[in-house]
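Take a walk through one protein chain, from its overall make-up down to single side chains. Keep the 3D view open as you read.

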Amino acid sequence: SDWSSDVCSSDLVSIQNYQPTTPAKPPEIKMPMHYFGTVQTLLQKIERDLSTKIIVYYVPGHRWISQSDPDYFAELLRGVNKYQKISLVVYSSGGDSMACLRIASLLRHYCHEFEIIIPSMALSAATVLSLSADKIKFTPLGYIGPIDTQLVNIKDEKLLNLGYSQISSDSFRRAREMLEKETKESGPYAELSKHIHPLVIAEVDRLASRSKQTAIEMMKMHKTPFDMTKIEWIANHLVYDYPSHGFPILYEEAKKIGLNTEMLDDSSSNDLWDLLK
């Protein structure tokens with residue numbers, strides 16, 4: 001009897017003195033920023049200011065223009081009537097120029113006038129895509145680049161031993177021209193073959209020809225094409241006449257070589273920079 005009473009008394013005391021713990025504050029869940037509304041507002045403003053249909057082709061740095069990309073444009077435009085003008089805002093470091101040829105052909109099917117807007121970089125294959133436009137519009141930050149093809153993932157042992165995992169068609173041309181001056185009897189290819197497998201030489205030469213021909217086909221798409229002499233010169237110039245693949249061709253240079261260019265006003269340039277950010 002006494003033992004039971006003690007236990008009950010102890011239990012009662014412990015229950016009466018129990019203080020419930022305050023539940024921990026749930027962790028704050030941080031959501032990523034969403035810019036859909038901001039982007040749509042900017043697009044509508046740019047369309048009004050430039051009187052055009054805007055399509056944005058943004059290819060982030062870890063991705064390349066690829067053969068699957070034309071499908072996105074086809075899905076976007078299916079069932080729509082032709083626009084008077086489509087302005088493609090391009091941001092890309094390059095990729096597959098054959099995909100660009102398909103994209104350009106598709107977009108021109110859906111509009112009477114086609115222009116490219118370059119808020120920042122449009123390099124390599126993106127430059128090739130730009131050549132298809134009736135007009136290329138630059139911001140002060142915008143630039144295109146040379147279109148000398150890069151042969152990557154080279155397995156040629158001699159080149160790998162020299163530290164080359166890729167080679168530019170322009171580098172090959174320069175080596176050949178240099179050797180032409182020094183190997184008049186044997187010829188440049190015999191000397192090149194000592195260092196590079198003949199199949200690699202042939203592949204680089206083939207890709208350079210493809211780059212030039214693709215550029216020509218792009219410029220022939222214009223509503224009012226340049227004459228063929230000018231088309232050939234621009235294509236050859238962009239493939240062979242710049243010191244590096246990443247050389248920035250700014251607005252004034254693009255205009256000087258004969259492309260139909262325009263510098264956007266500050267207001268539109270600022271809107272495009274906000275859009276890109």
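Start with confidence. The mean pLDDT of the protein chain is 85, where pLDDT is the predictor's confidence in each residue, from 0 to 100. A value of 70 or more is reached by 73% of the residues. This is a predicted model, in which local features need pLDDT of at least 70 and side-chain atom pairs count only at pLDDT 80 or more, while totals for chains, interfaces and linings use all residues. Residues are numbered from 1 along each chain as its sequence is written, and side-chain values use heavy atoms, with hydrogens and water left out.

Look at residues 1-5. Their pLDDT stays under 50. The model gives this stretch zero contacts beyond four places in sequence. Contact here means heavy atoms within 4.5 Å.

Now the whole chain. The protein chain has 12 helices and seven strands. Both are DSSP runs, numbered from the N terminus: helices are H or I with at least four residues, strands are E with at least two. Of the 277 residues, 42% count as buried. Buried means under 20% relative accessible area, exposed means over 50%, and partly exposed lies in between (1.4 Å probe, protein chains only). The accessible surface comes to about 16,300 Å². Carbon and sulfur atoms hold 55% of that surface. Accessible areas come from the Shrake-Rupley method with a 1.4 Å probe; for residues, only the protein chains shown count as cover. Take contacts between residues at least 6 apart in sequence: 69% of them join residues at least 24 apart.

Next, find the sheet. Five strands form an open sheet in the order β1-β2-β3-β4-β7, with parallel pairing. Two strands pair if DSSP finds at least two bridges between them. Which strands stand at the edges? They are β1 (53-58) and β7 (261-263). Each has a single partner strand, so one side of each is left without a neighbour in the sheet. From one strand to the next, the twist averages 25°.

Zoom in on one pair. Strand β3 (residues 111-118) pairs with strand β4 (residues 135-138) in the parallel sense, over four bridges. I118 has F138 in β4 as its bridge partner.

Helix α3 (residues 69-77) touches β1 and β2, and its direction makes about 155° with that of β1. Helix α2 (residues 36-50) lies across β1, β2 (83-91) and β3. Helix α2 runs at about 130° to β1. For these angles, axes are lines fitted to C-alpha atoms, for helices over the stretch in contact, and angles run from 0 to 180 degrees between N-to-C directions.

Now go to L275. Where is L275 placed? L275 sits in helix α12 (residues 266-276). Is L275 buried or exposed? With a relative accessible area of 15%, L275 is buried. Leaving aside neighbours within four places in sequence, its contacts are V39, L42, L43, I46 and V56. L275 and T41 are 234 residues apart in sequence, but their C-alpha atoms are 9.6 Å apart in space.

S51 lies in the loop between α2 and β1. Phi of S51 is near 50°, a positive value in a residue other than glycine. S51 is exposed, at 59% relative accessible area. S124 lies in the loop between β3 and α5 (125-130). S124 also has a positive phi, about 55°, although it is not a glycine. S124 is buried, at 18% relative accessible area.

Finish with charge. Side chains of opposite charge can pair when their charged atoms come close. A salt bridge is a side-chain nitrogen of Lys or Arg within 4 Å of a carboxyl oxygen of Asp or Glu. By this rule the count is 13 salt bridges. In one of them, K53 meets E47 at 3.9 Å, N to O. K53 is partly exposed at 29% relative accessibility, and E47 is partly exposed at 23%. E253 forms a salt bridge with K256, with the closest N and O atoms 3.4 Å apart. Both lie in helix α11 (residues 251-256), three residues apart, about one turn of the helix. K256 is exposed, at 66% relative accessibility. Elsewhere, salt bridges that share partners join K45, D49 and D271 into one network.
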